[in-house]
Amino acid sequence: MVPRPGYQVDRPGGQFLVTPARARHAESDGPAIPPHDLDIECATLGAMLLDGSPVVEQVVARLTTRDFYLDRHRTTFTAILTLYEGGHAVDLMTVQDALRSAGELDAAGGPAALAFLVEQASIAA
């Protein structure tokens, strides 16, 4: 996979990891739009939902909630992080249940959006 400019893709141990650049647009007429790639965001979140803790461990070492451009991706990442830090399994069903329990499932885009993330990860692999 070739990332868009401003991103670095690592595959340590065959795992898919993405590190966004933290650059700012110095010259612009309005607020700077941070670099982002929605396909990579989807693939990263989907990989965490598919492969669970081994991938989550590597991603949380490199990314924070602020690194995600879309609010629904931030919401999903926060749910994954909460489960992981609590020592719980991370997969599609546990994340969906955690989001539902927190009243955040709609904010994350609903069950269809979570399924889409998993689909994107399987396409990227």
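Helices (H or I, at least four residues) and strands (E, at least two) are DSSP runs, numbered from the N terminus. The views below show a predicted model, in which local features need pLDDT of at least 70 and side-chain atom pairs count only at pLDDT 80 or more, while totals for chains, interfaces and linings use all residues. Residues are numbered from 1 along each chain as its sequence is written, and side-chain values use heavy atoms, with hydrogens and water left out.

**View 1. A nonpolar surface patch includes L38 of helix α1.** Helix α1 covers residues 38-51, and L38 is found in this helix. Together, I33, L38 and Y69 make a nonpolar surface patch of about 250 Å². Patches are made of residues with over 30% relative accessible area and no salt bridge; like charges are joined within 9 Å, and nonpolar side chains (Val, Leu, Ile, Met, Phe, Trp, Tyr) within 5 Å. Accessible areas come from the Shrake-Rupley method with a 1.4 Å probe, and for residues only the protein chains shown count as cover. L38 has a relative accessible area of 33% and is partly exposed; buried means under 20%, exposed over 50%, and partly exposed in between (1.4 Å probe, protein chains only).

View 2. R74 is partly exposed at 26% relative accessibility, whereas D71 is exposed at 54%.

**View 3. The largest nonpolar core has 23 residues.** Such a core is a set of buried Ala, Val, Leu, Ile, Met, Phe, Trp, Tyr and Cys residues joined through side-chain atoms within 4.5 Å. L45, M48, I80, V95 and L99 have the most contacts inside this core. Two or more residues are given to it by each of α1, α2 (53-60), α3, α4 and α5 (110-124). Helix α1 supplies the largest share, five residues.

**View 4. V95 and its contacts.** Leaving aside neighbours within four places in sequence, V95 is in contact (heavy atoms within 4.5 Å) with L49, T76, A79, I80, L83 and V90.

Definitions and conventions: Salt bridge = Lys/Arg side-chain N within 4 Å of Asp/Glu carboxyl O.
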